[in-house]
Amino acid sequence: MRTFDQGADGVLILGCHIGECHYETGNHRAAKRLPILKALMSYAGLEPERLRLDWVSASEGERFSRIANEFVETVRALGPIKWRVPSGEAAILTQQFAAIRGDVPLVEQSCAVKTDAIRAKARELLNNGVVGYVIGYEVGLRGRTRPSFANTPEEANKLVWNPDCTYNLTTYLGKKRRPAVKGIEQPKPVAVVVKPCDSRAINVLLAENQFTREQVYIIGVTCEGTQHDPGVLQARCQVCNERVPVVYDTLIGDPPPQHEAKPSPVVLKVAELEQKTPAERMEFWLSQFDRCIRCYACRQACPMCNCPVCLYERDDSLWIGMGINMNEKRAFHLGRAYHLAGRCVGCNECERACPMNIPISLLNMKMAQEIEAAFSFRAGLKPVPSPVVTVLSGEYKEG
Amino acid sequence: MNFITQAQLTEWLDGIAHQQTLIAPYKMADILLYQPVQSSLMIAWDSIRPVMSAKEFFFPPSERLLLIEKGAAGIKLTETLPKGRQVIFGARPCDAHGIKVLDALFLDKPPVDLYYASRRANTTIIGLACKEMGSSCFCTSVGGAPDDASNMDVMLYPAEGGYAVEAVTEKGRSLIPDSLYTIDNRQRPAFNFISNIVNPQSINWPAHFDDEYWARTSERCLSCRACAYVCPTCRCFSVRDEFLPVEADGCNPGCAQYERIRGWDSCEGENYRRTAGGHRPRAEKSQRLRNRYFCKFYFYPEQYGLGNASACTGCGRCVDICPVNVDITEVITDLAR
């Protein structure tokens, strides 16, 4: 990706034949990852022929020269690349993007009952000293629902459940964003309120050793969809028929009925983009990324973005500069989407947190589709890592 | 007071857009931003204050400070001072107040920031009074007002059928063609606004430095930088030299280009003020969030002589934008209690 950012017209990646590499598994990984990256780059507007992966051993001079010549001819036929955006290029104000909104009215929720049950459970856990604190939801002074941390049984009474409980609280379980408990020497487990989509994030985090199962007490809540704007079901919830969290220690609420699944506006938009030419897709994405201010709200809201230092914020500018210009913005968003492939649970907190309405879900959905097509895998259904980071299927043993 | 009609205003703005860059509220993807516009047709009239402040047109998200070329003849440094005149139309009083706060650092005392100074000199601000205060606005609590013209070049007050016009500075006066004025004896519309939270300068901030409050308030903070980047007065930046891929009209073969780049930074970021060796003086997010409020209401006013004024303009942008509802008005109210 960096090579294209720096102006290359094409990138040819050659490795040893499968099974013949003395690094053993590097080419297996490349074979799994490259198609995913190629799909992403093509989706962002690169002509896919400009990126090629092939296998050549050290003794195959003739094959090497044939592939290299073929690739050069292919790239030459495509002409000069237009990937890198010249510095000082005027802002692109053309293609607009209307925010994806749902329109399914919510079924009356038993919010009061669930609120009472969450408070009772939180009080019990804090009274018995089972957990250090409980992460749930509260309503702020302006009436906005927001994350809340109950450290004492009394504070448990501020916790609520309502249709605006949209935040994925598992982001606070990662080492970076987990607040320390004052005055407690031995860190206790942390309790967290989760919806079904959030619970899948817990499975991914468990698979990636962010914490152990014993360190988290999961208060699962049955869900019939959340709404940020009153009366409007969030886009991710419209097609979701997960009603019960996939992992929990205690379950609150009865499983609500399934609603009639509607075609996801996100899936429809992905399909629409795929019908366009690479140049049109590039224009679409540049017009979206143009608004990015690199505030990193998307990354910070994401439970999966838990690298100690983000690759795109390193001091050495190896992968991306610190400028808030088009090339850097795009590299960040595409890089983040690629790093989330097979890990993103689709909670869509990144898009909700974005102050600039960048349709990040369109990137994550595309990656999820590619992963499902290639590996029949959906993130977080079980505590197993993404197939993109493992080497061979069946290599990872549960437990 | 002088008065112009809506038609006169659009004609005037279109004239400006032909001669210099016209920046105005523009709606894209359901959000309102200040953007360069080619014609008054693109302007979002009847808009509230945009999501981002007008700060970026004086202190851009990132800018080149220096072009560095290394070739056979040695190293060549080229200054890259911004050129080109611009007019910001529709700036709100909180935006203009913010520019005054930025002036205290970049302009009022040496060393003067030449990049900021040249943008400031090349920019004319046509302000627009707010008809009402938004739900998160509190400018009247920090010494501002929705009809405050004090930091504008030209000020427009919405009135029946058009706008009352006030030329605030000579720069503003020279932008208005004489033909535009309609002599009119109407008074400019009166505005009446109430202050909804206490004046944060009435709080004894140093007394709250070690409060447990900061740890509790920052629990849900995500350490993103949205609040700082939408803020009209946050002005932390970072500077770095970076390699440039050689561009078309760049240097000759064998030459390498670098740029010294300055970009926005924020005390909310996890890497804020990290020093060589990895030490982070504000490693905890509670320390970083506290810094944000102390900077607005204590550090900056003390250091740059704002007197009893705060470095917050009460625009409420950070309140609206925070993904987890960390609310500056709530903090002020809590501490004043």
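Some conventions come first. Residues are numbered from 1 along each chain as its sequence is written, and chains are lettered from A and ligands numbered from 1 in the order in which they are written. As the model is predicted, local features need pLDDT of at least 70, side-chain atom pairs count only at pLDDT 80 or more, and totals for chains, interfaces and linings use all residues, while side-chain values use heavy atoms, with hydrogens and water left out.

On confidence, the predictor assigns the complex an ipTM of 0.92 and a pTM of 0.92. Chain B has an average pLDDT of 90, and 94% of its residues score at least 70; pLDDT is the predictor's confidence in each residue, from 0 to 100.

Let me begin with chain B. Its secondary structure consists of nine helices and eleven strands. Helices (H or I, at least four residues) and strands (E, at least two) are DSSP runs, numbered from the N terminus. The radius of gyration of chain B is 22 Å, close to the 20 Å from the globule rule for 337 residues, so chain B is as compact as a globular protein of that length. That radius is taken over C-alpha atoms, and the rule is 2.2 Å times the number of residues to the power 0.38. The C-alpha trace of chain B spans about 65 × 60 × 40 Å along its principal axes.

How much of chain B is buried? Of its 337 residues, 58% are buried, where buried means under 20% relative accessible area, exposed over 50%, and partly exposed in between (1.4 Å probe, protein chains only). Among contacts in chain B with a separation of 6 or more, 71% are between residues 24 or more positions apart; a contact means heavy atoms within 4.5 Å. The accessible surface of chain B is about 14,600 Å², and carbon and sulfur atoms account for 51% of that surface. These areas come from the Shrake-Rupley method with a 1.4 Å probe; for residues, only the protein chains shown count as cover.

Chain A can be described in the same terms. Chain A has twelve helices and seven strands, and 55% of its 399 residues count as buried. In chain A, residues 24 or more positions apart supply 74% of the contacts with a separation of 6 or more. Chain A exposes about 17,400 Å², with 54% of that area from carbon and sulfur atoms.

Where do the two chains meet in the packing of a helix? Helix H9 of chain B, residues 328-336, has as its buried residues Ile328(B), Thr329(B), Glu330(B), Val331(B), Ile332(B) and Leu335(B). These buried residues pack against strand S4 (145-150) of chain A, and also against H5, helix H7 (285-303) and helix H8 (317-321) of chain B.

I turn now to backbone geometry. Most residues other than glycine have a negative phi, and most peptide bonds are trans. Tyr296(A), although not a glycine, has a positive phi of about 65 degrees. Tyr296(A) sits in the loop between helix H8 (278-289) and helix H9 (297-301) of chain A, and counts as buried because its relative accessibility is 4%. In chain B, Ser223(B) is likewise not a glycine and has a positive phi of about 60 degrees. Ser223(B) belongs to the loop between helix H5 (213-217) and helix H6 (226-230) of chain B, and is buried at a relative accessible area of 4%. The peptide bond from Pro110(B) to Pro111(B) is cis, with omega near 0 degrees; Pro111(B) is in the loop between helix H2 (93-106) and helix H3 (114-121) of chain B.

Two further residues of chain A deserve mention. Is Arg330(A) buried or exposed? Arg330(A), in helix H10 (residues 326-339) of chain A, counts as buried because its relative accessibility is 1%. Not counting residues up to four places away in sequence, Arg330(A) touches Asp5(A), Trp83(A), Arg84(A), Val85(A), Met282(A), Leu286(A), Phe289(A) and Gly335(A).

Tyr248(A) lies in the loop between helix H6 (235-238) and strand S7 (250-252) of chain A. At 35% relative accessibility, Tyr248(A) is partly exposed. Leaving aside neighbours within four places in sequence, Tyr248(A) contacts Arg213(A), Ile218(A) and Gly220(A). The C-alpha atoms of Tyr248(A) and Val193(A), 55 residues apart along the chain, are 9.4 Å from each other.
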